[in-house]
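Visitor: I would like to learn how to read the packing of a chain. Could we go through one together?

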Amino acid sequence: MATNKLLKKCSLFSFFFIRYASSYRHVVVEDQGLVRIVTINRPENRNCVNSQTANELYDAFNKFEQDESSLVGILAGKGGTFCAGYDLKEVSSADERLDVLLKPFSMDEKGPMGPSRLLLTKPVIASLTGYAVAGGMELALWCDLRVAEKSAKMGVFCRRFGVPLIDGGTVRLPALIGLSRALDLILTGREVDAEEGFDIGLINRIVPDGEGLNEALKLANQIAAFPQACLRKDRYSSIHSTHSSLSLNESLRYEYEQGREWDVIKEAIRNAGRFVDGVGKSGKFE
C-alpha cells in the first residue's frame with residue numbers, strides 16, 4: 001500500500017514538473033509547473049547557434065506556443081553562457097550553404113538564430129548568464145523580459161567581424177532603449193555590463209551570479225499566476241503599439257478592441273467578483 005502511494009506521488013510529480021521531455025541534440029526542454037524552460041546546450045561552443053540549433057529552438061518555441069499547459073517560457077544557456085551569437089565556424093565554412101540567408105524574408109520562416117520572427121501569444125523571459133552577445137543578444141531582445149546575473153555581458157560583438165544584425169537587433173534594440181543609445185551599441189560594438197544594461201532599460205532585473213535561473217523562475221511563476229486572457233491581450237497590444245501601429249488613434253482602437261473580446265470580458269467579470277469578496281484588496285497579490 002505504501003509503495004502504491006509512493007508511486008502515485010512520483011507519477012504526479014513527474015506530470016507536474018517533468019511534463020515535457022525533448023529529444024533535441026543542442027536544446028534541452030523541461031517544464032517546471034506552468035513554466036517551460038528552453039536551454040541552449042552547446043557549452044563547448046559558448047552556446048553559439050548553428051543551423052541545427054536554430055531549427056531546434058524554433059521547433060521548441062512553436063511547441064511551447066501550442067501547449068496550453070505552459071503559460072510562460074524561459075530561454076537560458078547551459079554552462080555559464082547565455083549565447084555568444086551565431087556559430088562563425090559554420091559561416092566561414094566554404095562547404096556549408098547557409099540557406100537561411102539565401103531565402104527571401106518571410107515572417108512564417110525561422111530566423112537565422114531560430115525563433116526571432118515568432119510572434120508568440122505568451123511571454124518569454126531571458127535568463128542571462130555570461131555573454132549574451134551578437135545573435136545571442138538578439139535572442140535576448142526577442143524575449144519579453146531579461147533577468148541578468150551580475151557578471152553578464154551584452155553587446156553587438158559581431159560588429160568587429162562584419163556580421164550583420166538580421167534577427168531583429170536593429171528593430172528591437174531602438175524600441176527598447178531609444179535610437180541614440182541603440183546606435184551607440186550598434187555602431188561601436190562595445191560591451192555592456194549588467195549595471196549599465198539595467199540603467200538604460202536593456203535589462204529588467206540584476207541578481208547575484210548563480211541566481212539567474214531561480215529569479216527567472218520566480219518571475220515566470222508570478223506572471224503565470226495572473227489571469228491569462230487579459231495579460232496576453234495587454235502584452236500583445238503593447239507590442240502592436242510599439243512595432244505595428246501607425247498612429248495614436250490606431251493604437252488606442254486596437255487596445256480597446258482587444259479588451260472587448262469575450263474571453264477577456266468573462267475573465268474580468270469573474271475576477272471583479274473575487275475582488276468584491278475581499279481578494280487582493282489593499283494592493284495584495286494573492
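Predicted model: local features only at pLDDT ≥ 70, side-chain atom pairs only at ≥ 80, totals over all residues.

Visitor: How many helices and strands are in the chain?

Guide: The chain has 12 helices and 9 strands. Of its 286 residues, 43% are buried. Among contacts with a separation of 6 or more, 67% join residues 24 or more positions apart.

Visitor: How are two packed helices described?

Guide: The description uses the angle between their axes and the distance between those axes. Here, helix H6 (residues 169-177) packs on helix H7 (residues 179-188) at an angle of about 135°, the axes being 7 Å apart. H6 is therefore oblique to H7. The crossing of H6 past H7 is right-handed.

Visitor: Which residues of H6 and H7 meet?

Guide: H6 contributes Thr-170, Leu-173, Pro-174 and Ile-177, which meet Leu-179, Arg-181, Ala-182, Leu-185 and Ile-186 of H7. By class, the residues of this contact of H6 with H7 are 7 nonpolar, 1 polar and 1 charged.

Visitor: At what angle do the axes of H10 and H11 cross?

Guide: Helix H10 (residues 228-243) and helix H11 (residues 248-259) cross at roughly 165°, and their axes come within 10 Å. An angle over 145 degrees counts as roughly antiparallel, so H10 is roughly antiparallel to H11. This crossing of H10 and H11 is right-handed. On the H10 side the contact is made by Lys-233, Tyr-236, Ser-237, His-240 and Ser-241, and on the H11 side by Glu-250, Ser-251, Tyr-254, Glu-255 and Gln-258. The residues of the contact of H10 with H11 divide into 2 nonpolar, 5 polar and 3 charged.

Visitor: Let us turn to the interior. Where do nonpolar side chains tend to be in soluble globular proteins?

Guide: In such proteins they tend to be buried together. In this model the largest nonpolar core holds 46 residues, and Phe-61 and Leu-75 have the most contacts inside it. Two or more residues of this core come from each of strand S1 (27-32), strand S2 (35-40), helix H2 (51-66), strand S4 (124-128), helix H5 (135-142), H6 and H7. H2 gives the most, with 6 residues.

Visitor: With which residues is Leu-75 in contact, leaving aside neighbours within four places in sequence?

Guide: With those neighbours set aside, the partners of Leu-75 include Val-38, Ile-40, Leu-57, Phe-61, Phe-82, Val-124 and Leu-139.

Visitor: Where does Ser-106 lie?

Guide: Ser-106 is in the loop between helix H4 (99-102) and S4. Its relative accessibility is 22%, so Ser-106 counts as partly exposed. Ser-106 and Arg-117 are 11 residues apart along the chain, and their C-alpha atoms are separated by 8.6 Å.

Terms used. Residues numbered from 1 in each chain as written. Heavy atoms only, no water. Axes fitted to C-alpha atoms, helices over the stretch in contact; angles between N-to-C directions. Helix = DSSP H or I, 4+ residues; strand = E, 2+ residues; numbered from the N terminus. Parallel < 35°, antiparallel > 145°, perpendicular 65-115°, else oblique. Left-handed = near helix turned anticlockwise from the far one by under 90°. Contact = heavy atoms within 4.5 Å. Nonpolar A, V, L, I, M, F, W, Y, C, P; charged D, E, K, R; others polar. Core = buried A, V, L, I, M, F, W, Y, C linked by side-chain atoms within 4.5 Å. Buried < 20%, exposed > 50% of the residue type's maximum accessible area, 1.4 Å probe, protein only.
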